[in-house]
Amino acid sequence: MNATVTPKLLENRTLLITGASEGIGREAALTFARQGARLVLHGRNLQKLERVRSEISQLGLQPAEIVLLDFATASAADCDAFANQVAALTPQLDAVLHNASILGSICAMADIPAEEWLQVMQVNVNTTFFLARALLPLLLKAPQATLLLTTSSVGRQGRAGWGSYAVSKFATEGMMQVLAEEYRDQGLKVYAINPGGTRTGMRAAAFPEENPQLLKTPADLMPVYLELISGNSALPSGSSIDAQPGRKAGPAS
């Protein structure tokens with residue numbers, strides 16, 4: 001994919017980023033703000049989100065808003081309330097980057113604790129769906145909007161050891177495809193993006209022996225994210241994109 005970035009690509013656009021406190025979400029927030037976007041930052045840790053908002057402010061960019069929600073415990077009603085808070089801040093959303101997710105254990109499926117399986121599905125599938133559904137009215141008010149979900153290579157082809165995470169990302173792929181079909185003629189593009197192995201805290205926790213210098217940084221991936229979130233991509237709605245083509249899940253070598 002030819003990712004071309006132009007100055008102020010997101011001028012006059014309002015974007016919501018989930019999981020914006022660190023890693024890819026934080027880098028997306030800073031990148032999108034530099035491109036002129038007005039941002040609504042989601043996370044569950046106010047202190048971390050305040051730091052991201054402060055970074056944006058120090059760059060002299062549009063002030064960002066913060067709305068909290070803990071995906072691990074959120075109900076459908078909580079997601080509806082979250083969307084109402086966002087609606088009080090902006091009349092429409094031009095894009096949503098649904099970046100928040102959790103990994104769970106890298107182990108055989110037979111060894112996954114029941115509680116962990118339920119938690120991964122709660123965060124990566126249930127809350128992702130409930131929140132996407134709750135935010136659809138704000139997205140549909142924009143003349144051209146984008147919903148970008150986060151997937152993985154193991155959400156397309158299962159791999160041993162990736163159990164609950166892989167299953168949750170298969171569900172994400174399906175959710176993206178269904179939403180893309182349902183809203184194809186209503187001005188909403190729906191994509192999934194696989195960031196691939198990236199230098200983040202979550203990655204380091206999963207593979208503590210890995211050399212992080214072998215991994216791309218979140219900043220390295222941003223041209224692809226920008227093209228998709230801007231609405232300028234020529235890729236059809238319903239596409240699943242690799243930010244690092246050819247990169248498979250697992251330790252870098």
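Buried means under 20% relative accessible area, exposed means over 50%, and partly exposed lies in between. The model discussed here is predicted.

Q: How many salt bridges does a search of the whole structure find?
A: A pair counts when a side-chain nitrogen of Lys or Arg is within 4 Å of a carboxyl oxygen of Asp or Glu. Searched over the whole structure, the number of salt bridges is nine.

Q: Is Arg26 buried, partly exposed or exposed?
A: Arg26 forms a salt bridge with Glu27, with the closest N and O atoms 3.9 Å apart. Glu27 has 15% relative accessibility and counts as buried. The relative accessible area of Arg26 is 28%, so Arg26 is partly exposed.

Q: Which residue is linked with Arg26 and Glu27 in a network of salt bridges?
A: Arg26 and Glu27 form a salt bridge with each other. The network that holds these two residues also includes Glu55.

Q: How many residues apart are Arg44 and Asp70?
A: Arg44 forms a salt bridge with Asp70, the closest N and O atoms being 3.8 Å apart. This pair links distant parts of the chain: Arg44 is in the loop between strand S2 (38-43) and helix H2 (46-58), and Asp70 is in the loop between strand S3 (65-68) and helix H3 (76-89).

Q: How far apart are the closest N and O atoms of Glu181 and Arg184?
A: Glu181 counts as exposed at 55% relative accessibility, and Arg184 counts as partly exposed at 35%. The two form a salt bridge, and the distance between their closest N and O atoms is 2.7 Å.

Key. Residues are numbered from 1 along each chain as its sequence is written. This is a predicted model: local features need pLDDT of at least 70, side-chain atom pairs count only at pLDDT 80 or more; totals for chains, interfaces and linings use all residues. Side-chain values use heavy atoms; hydrogens and water are left out. Buried means under 20% relative accessible area, exposed over 50%, partly exposed in between (1.4 Å probe, protein chains only). Helices (H or I, at least four residues) and strands (E, at least two) are DSSP runs, numbered from the N terminus.
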